[in-house]
Amino acid sequence: MNGIPGADRIIQAMFVLALLTTVAGAVWAVATRRIIRSVCGLALCCVGLAGLYYFLESPFLALMEILIYIGAICVTLVFAVMLAEPDELPPAENRRAAWGWGTVAALLSGLLFAGLVWLTREHPWPTAPNRIRLGTLHDIGVALLGRYGFAFELISVVLVVAILGALLVARYGRTRP
Amino acid sequence: MSLDYRQPDLYLITAAFLLACGLFGLVRRRTLIGMLIAGELVFSAAALNFVAVNRFFVSDPTVGQVFVLFVMGLAAAEIALALSIIIGVYRNYRSIGARELSELKG
């Protein structure tokens with residue numbers, strides 16, 4: 001790690017970049033009015049999350065985050081935006097009610113955030129235990145096919161049922177007048 | 001609070017922020033796709049929390065990663081189903097505003 005001069009600072013900067021990307025993406029995803037920009041915000045947030053996973057010593061999860069969230073979920077959302085045309089919403093019929101809902105939402109989420117931050121700071125976290133494994137890709141593969149084999153198969157069944165159900169629902173909607 | 005990536009604080013606070021953003025979006029958004037995106041943010045917050053706690057306070061680091069993989073699979077299944085339902089709703093109502101869906105058996 002000490003081969004490059006200033007490596008610590010570069011790593012620190014990368015961490016701050018991942019953190020800022022996550023936060024900015026999340027804010028962008030909920031604050032914009034257009035849905036397609038919101039999807040872009042979700043993708044940005046997922047890039048930042050992949051960086052955070054990398055710093056949490058799980059690079060496989062970082063890859064999967066990009067592959068599943070950006071490659072599958074965001075692309076599917078773009079398809080839905082294309083098919084369902086969620087245009088600019090008509091302005092709220094009652095501006096005061098809209099402002100009221102916005103205030104309520106901001107208040108609720110602010111309270112939740114403040115409470116969770118307080119809990120995080122005040123809770124006496126235990127010290128880190130000794131690790132019995134390294135958590136490499138090999139360990140994940142052994143765990144997936146050994147200890148969690150049943151859950152793995154159940155997830156496969158859930159995915160198949162979800163695909164069939166999605167096809168069925170979309171098809172049924174088409175044949176109706 | 002220093003910006004140290006070897007401490008769990010920042011990860012947990014980021015996860016709390018994602019959860020707060022997701023809640024804000026769920027209350028504030030008026031279209032179904034917007035609410036779905038906010039729901040994805042909540043999923044991401046849960047996943048980040050799992051990985052952070054697993055990295056810092058658990059002795060076996062594979063458990064959290066496997067669990068987050070399952071969460072991602074469930075999120076993908078949920079998105080596929082919800083989007084097909086949204087498209088069906090759009091075909092029937094010509095709108096995906098949550099306010100329009102006011103009758104059953106449409």
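From the N terminus onward, the elements of chain B follow the order α-α-α, and the chain accordingly counts three helices and zero strands. The model is a predicted one, with an ipTM of 0.89 and a pTM of 0.89. For chain B the mean pLDDT is 86, and 93% of the residues in this chain reach 70 or more.

The overall dimensions of chain B were examined next. Its radius of gyration is 18 Å, whereas a compact globule of 106 residues would have a value near 13 Å. Along the principal axes, the C-alpha atoms of chain B occupy a box of roughly 50 × 30 × 15 Å. Of the 106 residues in chain B, 57% are buried.

The contact between the two chains draws on 77 residues of chain A and 64 residues of chain B. On the side of chain B that touches chain A, the elements contributing two or more residues are α1 (9-28), α2 (32-57) and α3 (62-93) of chain B. The largest share of this side, 24 residues, is provided by α3(B). In terms of residue class, the side of chain B that touches chain A comprises 44 nonpolar, 13 polar and seven charged residues.

One helix pair across the two chains was considered in detail. The axes of α1(A) and α1(B) lie 9 Å apart, and the two helices pack at an angle of about 10 degrees; because angles under 35 degrees count as roughly parallel, α1(A) and α1(B) are assigned to that class. From α1(A), the contact is made by L19(A), T22(A), V23(A), A26(A), V27(A), A29(A) and V30(A), while α1(B) supplies L10(B), T14(B), F17(B), L18(B), C21(B), F24(B), G25(B) and R28(B). Classified by type, the residues in the contact of α1(A) with α1(B) are 11 nonpolar, three polar and one charged.

Within chain A, M14(A) also belongs to helix α1, which spans residues 7-31 of that chain. M14(A) has 14 other C-beta atoms within 10 Å and is therefore classed as partly exposed, given that a residue is buried at 20 or more such atoms and exposed at 12 or fewer. Although M14(A) and F55(A) are 41 residues apart in sequence, their C-alpha atoms are 9.4 Å apart in space.

Key: Residues are numbered from 1 along each chain as its sequence is written. Chains are lettered from A and ligands numbered from 1 in the order in which they are written. This is a predicted model: local features need pLDDT of at least 70, side-chain atom pairs count only at pLDDT 80 or more; totals for chains, interfaces and linings use all residues. Two residues are in contact if their C-beta atoms, placed from the backbone, lie within 7 Å. Helices (H or I, at least four residues) and strands (E, at least two) are DSSP runs, numbered from the N terminus. Ala, Val, Leu, Ile, Met, Phe, Trp, Tyr, Cys and Pro count as nonpolar, Asp, Glu, Lys and Arg as charged, and the others, Gly among them, as polar. pLDDT is the predictor's confidence in each residue, from 0 to 100. The radius of gyration is taken over C-alpha atoms; the globule rule is 2.2 Å times the number of residues to the power 0.38. Axes are lines fitted to C-alpha atoms, for helices over the stretch in contact, and angles run from 0 to 180 degrees between N-to-C directions. Angles under 35 degrees count as roughly parallel, over 145 as roughly antiparallel, 65 to 115 as roughly perpendicular and the rest as oblique.
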